[in-house]
Amino acid sequence: MKNFKIGKKLAVTFGIIIVLFLVAIVVAITSLNSASKNFSDFYTNGYPVSVTTTEMRRATQTGLKNIALSILTDDVSESNSYITQANEQLDGLAASFTFLKDNYRGDKSLIVEAENTLDEAKPYRETILRLAGNNQNAEAADMLFEKYQPLMLEFSDLMSKADEA
């Protein structure tokens, strides 16, 4: 390069810069395509599953709150309103299980175990709500805290694990 004229030196240097610029463009386009595929996968699979598990935990908490409120009130009509709201929240979880079974990519035994836990809790919920509707609040509260709430906490933990996976 010592023997080149200044024009030739500038041309070689400029050529090297152009080649490096083209390499940088190819690397950037490749990286953007890879990121696009990852984001697309996240928004079509990961994100909807995460939202579903979060909504299921929220519905469980809302249903549990409505059950507790139905027990705490002495007004039969207000208690029945809370019972209806609790049933709406908790009965709506079945459709979410169908979605999770089709779209969840992690250990599907978590989903099956969560569904079994919810199925196991349903007779307790029905009994608690029947007792609350009959204003037998002490018996309903005992069953809520001894039988139903531990199962619902287990369900919520399973949904959290599924969301983390």
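Modeller: One definition before we start. Buried means under 20% relative accessible area, and exposed means over 50%. Bear in mind that this model is predicted.

Biologist: Which residues of helix H3 are buried?
Modeller: Helix H3 spans residues 93-103. Under the 20% cut-off for buried, the names are Leu93, Ser96, Phe97 and Leu100.

Biologist: Within what arc do the buried residues of H3 fall, seen down its axis?
Modeller: An α-helix has 3.6 residues a turn, so residues three or four places apart point the same way. The buried residues of H3 line one face of the helix, because they fall within an arc of 105 degrees.

Biologist: What covers the buried residues of H3, and which exposed residues does the face turned away carry?
Modeller: The cover includes H1, H2 (76-91), H4 (108-133) and H5 (137-164). The face turned away from the buried side carries exposed residues. They are Ala95 and Asp102.

Biologist: Is Ile29 buried, exposed or partly exposed?
Modeller: Ile29 sits in helix H1, residues 6-72. Together with Phe14, Ile18, Phe21, Leu22 and Ile25, Ile29 makes a nonpolar surface patch of about 570 Å². Its relative accessibility is 47%, so Ile29 counts as partly exposed.

Note on methods. Residues are numbered from 1 along each chain as its sequence is written. This is a predicted model: local features need pLDDT of at least 70, side-chain atom pairs count only at pLDDT 80 or more; totals for chains, interfaces and linings use all residues. Side-chain values use heavy atoms; hydrogens and water are left out. Patches are made of residues with over 30% relative accessible area and no salt bridge: like charges are joined within 9 Å, nonpolar side chains (Val, Leu, Ile, Met, Phe, Trp, Tyr) within 5 Å. Accessible areas come from the Shrake-Rupley method with a 1.4 Å probe; for residues, only the protein chains shown count as cover. A salt bridge is a side-chain nitrogen of Lys or Arg within 4 Å of a carboxyl oxygen of Asp or Glu. Helices (H or I, at least four residues) and strands (E, at least two) are DSSP runs, numbered from the N terminus. Buried means under 20% relative accessible area, exposed over 50%, partly exposed in between (1.4 Å probe, protein chains only). The arc is that of the directions from the helix axis to the C-beta atoms. Contact means heavy atoms within 4.5 Å.
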